[in-house]
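Colleague: Please take me through this model, one question at a time. I would like each answer to end on the thing I asked for.

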Amino acid sequence: MRQKKGKMSDKMLKFIKIGQQNPPKRKVPNRKEDFNEIYKDFIEEKAGEQASRCSQCGVPFCQIHCPLSNNIPDWLKLTAEGRLKEAYELSQSTNNMPEVCGRICPQDRLCEGNCVIEQSGHGTVTIGSVEKYITDTAWTEGWVKPIEVKNEKNQSVGIIGAGPAGLAAGEQLRKLGYQITIYDRYDRAGGLLIYGIPNFKLEKFVVERRTKILEKGGIKFIKNYEVGKDVTLDQLREKHDAILVATGVYKAREVDLPGNNLANIFPAMEFLTASNKKGLGDKVKLFDNGTLNAEGKDIVVIGGGDTAMDCVRTSIRQNAKSVKCLYRRDKKNMPGSAREVANAEEEGVEFVWLSSPKEFIGKNKIETLVVDKIKLGEPDDSGRSKPEIKKNSEFNIKADMVIKALGFDPENLPILFNSKDLQVSRWGTLKVDFDTMESNLSGVFAAGDIVRGASLVVWAIRDGRDVAESIRKFLERKELKTSKVA
Ligand SMILES: Cc1cc2nc3c(=O)[nH]c(=O)nc-3n(C[C@H](O)[C@H](O)[C@H](O)COP(=O)(O)OP(=O)(O)OC[C@H]3O[C@@H](n4cnc5c(N)ncnc54)[C@H](O)[C@@H]3O)c2cc1C
Ligand code: SF4
């Protein structure tokens with residue numbers, strides 16, 4: 001490992017230590033060159049130092065709590081010994097996008113939260129940062145290679161959705177030699193990795209180099225192509241030997257309040273997509289004319305999950321005049337990652353806890369939010385304290401733009417796909433056999449958020465890998481049947 005060259009400020013030490021890529025308030029290096037140039041030596045030393053802190057405990061709780069069962073202790077040991085290529089090989093053998101998970105997994109709830117050193121009060125090994133470092137190095141060194149298929153197969157799989165579930169499944173099946181076509185209604189591959197999660201958490205070049213290398217490995221991407229509009233599910237079933245539905249969940253939950261139709265009240269995805277497209281260099285009319293740009297405005301974000309945190313932190317980076325986050329429960333009961341809330345607070349976001357919007361007021365566009373104060377009552381069916389409105393507690397908040405980040409539900413796929421027989425659960429997620437991940441339609445499988453409901457990237461990757469295995473078995477059985485008939 002190289003020796004540290006420059007002296008780091010306390011703030012900088014802190015941000016590296018907690019495994020984030022964003023340095024203190026508003027000084028965010030958005031470009032990869034800035035990041036690599038400024039921090040390379042320091043990160044290299046820190047990764048080795050962190051990796052060597054792993055106690056190699058008998059029961060690897062970190063691995064047990066990683067949805068991909070990543071072999072964390074072993075790749076930490078290899079990193080500590082400076083054997084980075086081997087560490088990379090091991091890490092990528094269980095994860096299709098380690099550099100993505102290293103950046104955006106809520107590690108405090110998964111691997112790092114269960115690190116024995118963390119449990120004993122000495123601060124976790126920053127597993128995510130090391131995972132990111134190993135794979136970023138692999139990309140720089142040219143160790144990440146396109147898939148080389150030795151044995152091309154005639155059977156083909158059509159995948160609907162180029163998010164992490166579809167991409168992981170596509171990669172696993174392509175490695176086995178199947179012909180893979182991924183259809184997506186967006187103009188870019190990556191799903192929420194590209195247009196949902198902001199650049200300051202996951203730089204877009206990281207997503208684009210992944211999808212490009214998959215394309216080089218023979219996966220065909222058909223973009224701007226919406227199943228339901230450009231083709232029906234049945235037509236795709238005719239075309240391919242198996243289908244994977246990995247369409248995610250995109251129906252934004254609504255607040256049905258007076259004044260909801262005023263201008264400048266937006267769903268979170270509209271705001272985040274505009275910002276991400278801008279970051280990718282696109283012309284975005286509604287951003288360029290100021291409509292979807294937070295600069296100089298008083299912004300109010302409604303919601304307490306990770307999407308809300310992404311909206312408040314994006315607003316800060318767009319130089320909003322003020323940013324408030326309205327949440328009906330208290331800090332302890334926030335659904336979002338505690339780390340994300342801490343980041344937002346540090347960056348200057350004001351949290352208005354125990355508050356619920358009552359009415360939007362303005363002439364044509366939003367000007368004021370009328371808000372009720374909330375008290376937490378007895379636990380409801382879910383076991384969480386029920387928010388109850390405090391009588392006569394109403395107050396006003398000035399707002400130039402309101403962003404609604406209340407979560408997502410599945411779209412109505414049987415209607416959208418023109419496939420009324422496709423069975424869904426009472427929540428609208430696709431019904432699958434949990435052993436095979438096959439839907440009620442033969443040869444139609446599903447994975448990721450469209451099965452789980454809004455979840456995490458790491459779970460989408462896990463589902464993608466599992467469903468690929470099921471599809472392989474299905475295709476082998478199909479092949480066997482065909483050869484018997486012939
Ligand atoms: C704002 C935001 C921030 C998040 N931050 C994090 C985070 O920090 N860490 C984390 O682990 N998770 C995060 N998540 C959750 C994570 O992004 C998702 O769980 C994950 O992307 C789900 O993967 P997926 O492949 O199932 O679906 P998606 O990523 O949603 O991909 C689905 C794809 O299907 C395409 N599609 C949909 N319908 C059709 C159709 N009819 N025809 C063709 N294509 C179609 C879509 O265009 C999309 O590209 C975040 C989510 C949001 C919304
Ligand atoms: S994939 Fe996520 S949970 Fe698993 S080791 Fe990496 S950061 Fe931790």
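Colleague: Where does Val59 lie?
Modeller: Residues are numbered from 1 along each chain as its sequence is written, with chains lettered from A and ligands numbered from 1 in the order written. This is a predicted model in which local features need pLDDT of at least 70, side-chain atom pairs count only at pLDDT 80 or more and totals for chains, interfaces and linings use all residues, while side-chain values use heavy atoms, without hydrogens and water. Helices (H or I, at least four residues) and strands (E, at least two) are DSSP runs, numbered from the N terminus. Val59 is in the loop between α2 (32-52) and α3 (61-64).

Colleague: Why does Val59 count as partly exposed?
Modeller: Buried means under 20% relative accessible area and exposed over 50%, with partly exposed in between (1.4 Å probe, protein chains only). Val59 falls in the middle class because its relative accessibility is 45%.

Colleague: Which residues make the nonpolar surface patch of about 270 Å²?
Modeller: Patches take residues with over 30% relative accessible area and no salt bridge, joining like charges within 9 Å and nonpolar side chains (Val, Leu, Ile, Met, Phe, Trp, Tyr) within 5 Å. A salt bridge is a side-chain nitrogen of Lys or Arg within 4 Å of a carboxyl oxygen of Asp or Glu. Areas come from the Shrake-Rupley method with a 1.4 Å probe; for residues, only the protein chains shown count as cover. The patch is made by Val59, Phe61 and Ile64.

Colleague: Of the 35 residues around ligand 1, which come nearest?
Modeller: A residue is near a molecule or strand if one of its heavy atoms lies within 4 Å of it. The nearest to ligand 1 are Ile104, Asp184, Lys201, Tyr250 and Asp449.

Colleague: How many Å separate an oxygen atom of ligand 1 from an N or O atom in the side chain of Lys201?
Modeller: Backbone N or O atoms also approach ligand 1 oxygens, at 3.3 Å for Pro164 and 3.1 Å for Ser455. For the Lys201 side chain, the distance is 2.8 Å.

Colleague: Which elements give two or more residues to the shell around ligand 1?
Modeller: The protein covers 97% of the 1000 Å² of accessible area that ligand 1 has on its own. The elements giving two or more residues to that shell are α9 (164-175), α15 (306-317) and α19 (457-485).

Colleague: Which side chain meets Arg174 in a salt bridge?
Modeller: The whole structure has 36 salt bridges. In this one, N and O are 2.7 Å apart between Arg174 and Glu152. The pair links helix α9 with the loop between α8 (127-141) and β1 (156-160), 22 residues apart.

How values were computed. A polar contact is a pair of N or O atoms within 3.5 Å; within protein, one must be able to donate a hydrogen and the other to accept it, and residues adjacent in sequence count only if both atoms are side-chain atoms.
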